Amino acid sequence: MLTELRHLIKEAVPEAREIPNYKVPSFTLIPETKPKQQLMIVAYAKYVSFYPYQRAVEHFSDELKNYELGKGTVKFQFNKPLPKDLIKRMVVFRKNELSNK
């Protein structure tokens, strides 16, 4: 599932670079910028957490109503397919949010 998430992130933002950050897979969406809080993914025993951060979660809240949410986090269960289009749109949203700061 992490491999699939990595692929979706790179499809949405081809220039994204994976970097070690907080010992979890993290992505710099805008080259030559600080990687802090850009995008992260983490695997746990029963789910994968996707961290597009709070504004993205709020922006897509209607489409995320069937998923468990945390502050800036979406949990995807292993026994369900990933919402690929939604994930790609969230990645692009996060990139645009960072670009506008």
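I began with serine 26, which is buried at a relative accessible area of 1%. The model is a predicted one. I placed serine 26 in strand β2, residues 24–28. I then listed its contacts, leaving aside neighbours within four places in sequence: Arg17, Glu18, Ile19, Asn21, Leu39 and Met40.

Next I looked up helix α3, residues 84–99. Its 16 residues should span 22 Å at 1.5 Å a residue, and I found the end C-alpha atoms 23 Å apart, which agrees. I noted Leu86, Ile87, Met90, Val91, Arg94, Glu97 and Leu98 as the buried residues of α3. They lie on the same side of α3, because they cover an arc of only 140° around the axis. I recall that an α-helix has 3.6 residues a turn, so residues three or four places apart point the same way.

What do the buried residues of α3 pack against? I found α1 (2–12), β4 (47–51), α2 (54–59) and β6 (73–77).

I turned to the largest nonpolar core, which has 24 residues. Ile9, Leu29, Phe50, Ile87 and Val91 touch the most other members. The elements giving two or more residues to this core are α1, β4, β6 and α3. Of these, α3 gives the most, with five residues.

I checked isoleucine 87 separately. Leaving aside neighbours within four places in sequence, I found isoleucine 87 in contact with Leu5, Leu8, Phe50, Phe76 and Leu82.

I also noted a second, separate core of five residues, which includes Val24, Met40, Val42 and Tyr51. Met40 is also on my list of contacts for serine 26.

How values were computed: Residues numbered from 1 in each chain as written. Predicted model: local features only at pLDDT ≥ 70, side-chain atom pairs only at ≥ 80, totals over all residues. Heavy atoms only, no water. Helix = DSSP H or I, 4+ residues; strand = E, 2+ residues; numbered from the N terminus. Expected span 1.5 Å × (residues − 1). Buried < 20%, exposed > 50% of the residue type's maximum accessible area, 1.4 Å probe, protein only. Arc of directions from axis to C-beta. Contact = heavy atoms within 4.5 Å. Core = buried A, V, L, I, M, F, W, Y, C linked by side-chain atoms within 4.5 Å.
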